[in-house]
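Subject: A structure for you to explore

Hi,

Here is the structure I promised to pass on to you. Please open it next to this email and look for each part as you read.

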Amino acid sequence: MPGSIDPSSSKTPTNGPDPILLTLFANRFMSVAEAMGRSLQQTSISTNIKERLDFSCALFAPDGDLVANAPFIPIHLGSMSLPRLDLADSAVKYQMNLHGETLKEGDVLMTNSPHAGGSHLPDITIITPVFDSNSKEIIFFTASRGHHADIGGILPGSMPPTSVNIFEEGAEIESFKIVDGGMFDHDGLVEYMVEKPSRYPGSSGCRNIRDVESDLKAQIAANHKGIQLIHAIVEDYGLATVQEYMYHIRSNAEMSVRNLLRDVAKRAGSNVLGAIDYLDDGSPIRLRVEINEIDGSAVLDFDGTGYEVRGNLNSPISVVHSAVIYCMRAMLDLDIPLNAGCLVPLEIKIPQKSLLSPSRTAAVCGGNVLTSQRIVDVVLKAFHAAAASQGCTNNLTFGTGGKDKDGKAVAGWGYYEARATIAGGSGAGPGWHGTDGVHTHITNTRIGDVEILERRYPVMLHQFGLRHGSAGLGKWHGGEGVTRELEFLEPMQVSILSERRTRQPYGMEGGGPGAMGRNTWVKRLRTEDGDLAPNARSSTTPTREINIGGKATVWMGKSDRLVIETPGGGAWGIDEDAVHGKKDLGAHVSAWEPRGSIAERAAAQAGF
């Protein structure tokens with residue numbers, strides 16, 4: 001039966017955790033999540049999961065609290081299970097509350113609803129209870145969350161820049177028992193993923209259900225791998241000792257955050273901190289932090305944040321908490337697992353009817369990938385930790401299929417190239433420069449290999465490199481953004497969902513801001529589009545360059561190109577030498593160094 005962990009029930013009496021065992025169990029729990037991740041990557045088939053690594057795996061206590069995770073996607077893990085939250089804000093706890101004691105061995109649950117602890121609809125969570133071999137009670141949960149390239153909606157890729165309600169973003173699943181007593185429910189999956197989404201006007205069901213089903217089975221298998229490893233740990237040490245140290249690990253994280261908060265208040269000379277930043281549409285995100293220096297707790301109050309927006313930049317409450325727990329963990333200079341203990345000292349207040357607490361039918365696909373970045377910017381600004389990073393994930397989707405103008409379903413496919421896989425510059429801090437062309441904050445995926453991209457999809461990559469001159473200048477300079485240019489080899493629908501196109505990433509302590517991003521459609525002139533008069537001679541300028549803004553959907557013709565220039569990071573401090581003309585402002589550009597999967601493999605081979 002799921003329940004709270006009682007460390008006093010351990011059969012091994014202790015006066016406190018043994019530091020060696022504490023480290024050992026922390027690493028054993030982490031290794032479970034890492035092994036789940038390797039299994040998921042190896043058995044999946046989609047580019048998003050196998051190549052871009054847009055997935056997360058984690059281990060949860062019987063009460064639903066996060067115990068440990070490998071360093072996957074921060075925005076995934078915090079929202080799967082959080083302490084002291086309404087059950088609707090925590091995916092694992094929501095399912096526990098919904099199914100109660102009816103869960104049995106062989107059951108596997110599937111969910112993606114933002115109002116059931118989800119982030120946005122393409123991120124599908126698979127949750128599996130772990131039963132004790134003897135008592136048959138739930139002793140853990142294993143869970144995996146992966147980004148699926150298409151789950152229906154109004155556009156291929158299920159990340160429509162123009163969505164105004166959640167029904168336009170694809171299939172929403174509050175709870176579905178995808179495996180019931182060991183039996184996989186294929187028909188139920190088709191109903192949820194294909195039939196239900198297509199009933200909304202203008203929307204389609206999943207455009208490639210076979211790939212999605214295959215990846216979901218890979219997630220189920222990854223969870224099962226975690227169950228096997230948990231049983232092995234219990235067999236080695238006994239259930240009482242395992243659960244005792246599960247409690248100690250969370251308690252250790254809690255005390256680490258309390259000490260961090262006391263230190264922040266001491267260094268700042270005040271127990272009250274504050275910051276504000278804005279989305280490109282002008283919506284404010286405001287934060288006031290009040291620290292209790294006696295017990296090391298804090299209240300983070302987002303009062304003053306803007307109203308829910310008509311577009312899709314609304315952020316589910318679970319995503320807000322994920323961004324906060326990421327910031328707390330990032331500011332800790334300790335090697336501890338990210339777990340539920342990091343949030344115990346914090347009380348997070350979110351105003352109702354704001355874009356951080358949207359209504360049930362509000363569109364949210366951009367809130368998970370864009371607004372979350374701005375929340376991180378605001379938290380780090382309030383804690384005076386670092387200048388702003390690119391603050392965007394440059395979400396590119398393209399594909400074909402869906403419904404035609406007559407409402408008839410047309411077979412197709414979708415590709416999602418996001419989560420900062422189109423990287424940008426990271427922000428500088430007191431003592432370090434920002435990093436060029438890197439994933440920032442809540443993202444941790446990688447870019448797909450060019451060869452795989454061009455082999456699987458009708459596109460050609462023309463350039464992908466650093467965007468020189470985009471970094472903020474200062475004593476500690478920001479990181480450079482990147483430029484990525486794609487040519488489409490056949491007509492298709494292309495969408496971009498991005499931020500920091502009208503507001504620069506801020507610098508701190510007098511450091512300069514990073515450059516804003518830009519999205520440019522390089523359109524070939526065509527008679528059928530009205531660009532050329534009938535029977536006109538070929539133009540001396542065969543293309544038009546059109547700034548499509550931060551959020552747009554464009555039907556691109558054959559040989560059209562999209563140039564995405566991502567933001568740079570903000571700088572920290574004033575560079576006195578540069579101010580007085582004693583320093584070359586371009587001197588911070590570092591020499592090119594090989595990196596990526598090919599370089600890593602070459603380095604590994606050279607080490608033998």
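Below is what was found in it, beginning with the whole chain and ending with single residues.

A word on the basis: this is a predicted model, in which local features need pLDDT of at least 70 and side-chain atom pairs count only at pLDDT 80 or more, while totals for chains, interfaces and linings use all residues. Residues are numbered from 1 along each chain as its sequence is written, and side-chain values use heavy atoms, with hydrogens and water left out.

**The whole chain**

The protein chain has twelve helices and 20 strands; helices (H or I, at least four residues) and strands (E, at least two) are DSSP runs, numbered from the N terminus. Of its 608 residues, 58% are buried. Here, buried means under 20% relative accessible area, exposed means over 50%, and partly exposed is in between (1.4 Å probe, protein chains only). Among contacts (heavy atoms within 4.5 Å) with a separation of 6 or more, 72% join residues 24 or more positions apart.

**Helix 1 and its surroundings**

Helix 1 covers residues 19–43, which is 25 residues. From its first C-alpha to its last it reaches 37 Å, close to the 36 Å expected at 1.5 Å a residue.

Which parts of the structure do the buried residues of helix 1 pack against? They pack against helix 2 (47–51), strand 1 (55–60), strand 2 (66–69), strand 5 (138–147), helix 6 (209–237) and helix 7 (239–268). The buried residues of helix 1 include Leu-22, Phe-25, Ala-26 and Phe-29.

**Two helix pairs**

Two packed helices are described by the angle between their axes and the distance between the axes. Axes are lines fitted to C-alpha atoms, for helices over the stretch in contact, and angles run from 0 to 180 degrees between N-to-C directions. Angles under 35 degrees count as roughly parallel, over 145 as roughly antiparallel, 65 to 115 as roughly perpendicular and the rest as oblique.

The axes of helix 1 and helix 7 come within 9 Å and cross at roughly 95 degrees. Helix 1 is therefore roughly perpendicular to helix 7. On the helix 1 side, the contact is made by Leu-21, Leu-22, Phe-25, Ala-26 and Phe-29; the residues of helix 7 that take part include Thr-241, Tyr-245 and Asn-252.

Helix 5 (residues 186–195) packs against helix 6 at an angle of about 125 degrees, with the axes 11 Å apart, so these two helices are oblique to each other. His-186, Leu-189, Met-193 and Val-194 of helix 5 meet Ile-209, Val-212, Glu-213 and Leu-216 of helix 6. Helix 6 has 29 residues, which should span 42 Å, and its end C-alpha atoms are 42 Å apart, in agreement. Just after helix 6, Gly-238 takes a positive phi of about 90 degrees.

**Residues in strands**

Ser-144 lies in strand 5 and counts as buried because its relative accessibility is 0%. Leaving out residues up to four places away in sequence, Ser-144 touches Ser-56, Cys-57 and Gln-219, among others.

Val-289 sits in strand 9 (residues 284–292) and is also buried, at 0% relative accessibility.

Asn-395 belongs to strand 12 (residues 395–403) and is buried, with a relative accessible area of 2%. The side chain of Asn-395 makes a polar contact with the side chain of Thr-393 (2.7 Å).

**Two loop residues with positive phi**

Most residues other than glycine have a negative phi. Lys-136, in the loop between strand 4 (123–131) and strand 5, has a positive phi near 65 degrees. Lys-136 is partly exposed, with a relative accessible area of 47%. Ser-559 has a positive phi of about 75 degrees and is found in the loop between strand 19 (551–556) and strand 20 (561–565).

Enjoy exploring!

Note on methods: Expected span 1.5 Å × (residues − 1). Polar contact = N/O pair within 3.5 Å; in protein donor to acceptor, adjacent residues only side chain to side chain.
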